[in-house]
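Colleague: I would like to go through the charged pairs and the nonpolar packing, with the criterion behind each label. Could you take them in turn?

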Amino acid sequence: MVDLNNSSTQATTIFEKSKSSEEIFRFLAIEELRYDKEKIIKFSNISAGEFEFTISTLDDEIELISEDNYKQMINEAKELSPHEKDVPYFALALAYEYPIWSDEKDFKKQSKVKILTTEELIKIV
């Protein structure tokens, strides 16, 4: 998970200047991937350069979704999510009927949202 206490200058700038929670969420999603960089490189068998290229491409392609599009699912997501910080992920998954990619074992303790581990995702891709 991204450690906001040790956030970069870029993170501080985004939090100070951002007027949009979507922009903050986008930044945190990319930072979460960077946090797991070594594990992703190992499991996907790619180079550090390929990882950075992929992250850059993802950053360009991420579609920001307004909270208005999933806020109706927040209460249900609170019941499913093992951690308060993950409620938005569960709400989005519920609203759009998408799986969540996570190796968090507690995520699989519910059956409403499909959870894909890295290993499961690699088999699909």
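Colleague: What makes R34 and E31 a salt bridge?

Modeller: The closest N and O atoms of R34 and E31 are 3.8 Å apart. A salt bridge requires a side-chain nitrogen of Lys or Arg within 4 Å of a carboxyl oxygen of Asp or Glu, so the pair qualifies. This is a predicted model, in which local features need pLDDT of at least 70 and side-chain atom pairs count only at pLDDT 80 or more, while totals for chains, interfaces and linings use all residues. Residues are numbered from 1 along each chain as its sequence is written, and side-chain values use heavy atoms, with hydrogens and water left out.

Colleague: How are R34 and E31 placed in helix α2?

Modeller: They are 3 residues apart in α2 (residues 21-35), so about one helical turn separates them. Helices (H or I, at least four residues) and strands (E, at least two) are DSSP runs, numbered from the N terminus.

Colleague: Why is E31 called buried?

Modeller: Its relative accessible area is 19%. Buried means under 20%, exposed over 50% and partly exposed in between (1.4 Å probe, protein chains only), so E31 counts as buried. R34, at 33%, is partly exposed.

Colleague: What links K37 and E52?

Modeller: Their side chains meet in a salt bridge, 3.3 Å from N to O. K37 lies in helix α3 (residues 37-44) and E52 in helix α4 (residues 48-61), 15 residues apart, so the pair links distant parts of the chain. E31, R34, K37 and E52 are linked in a network of salt bridges.

Colleague: Which residues touch the most other members of the largest nonpolar core?

Modeller: Of its 15 residues, these are A77, F90, A91, L94, I100, V113 and I115. The largest share, 6 residues, comes from α6. A nonpolar core is a set of buried Ala, Val, Leu, Ile, Met, Phe, Trp, Tyr and Cys residues joined through side-chain atoms within 4.5 Å.

Colleague: What is V113 in contact with, leaving aside neighbours within four places in sequence?

Modeller: V113 is in contact (heavy atoms within 4.5 Å) with L80, F90, A93, L94, Y98 and I100. A second, separate core of 6 residues includes I30, L33, I40 and I41.
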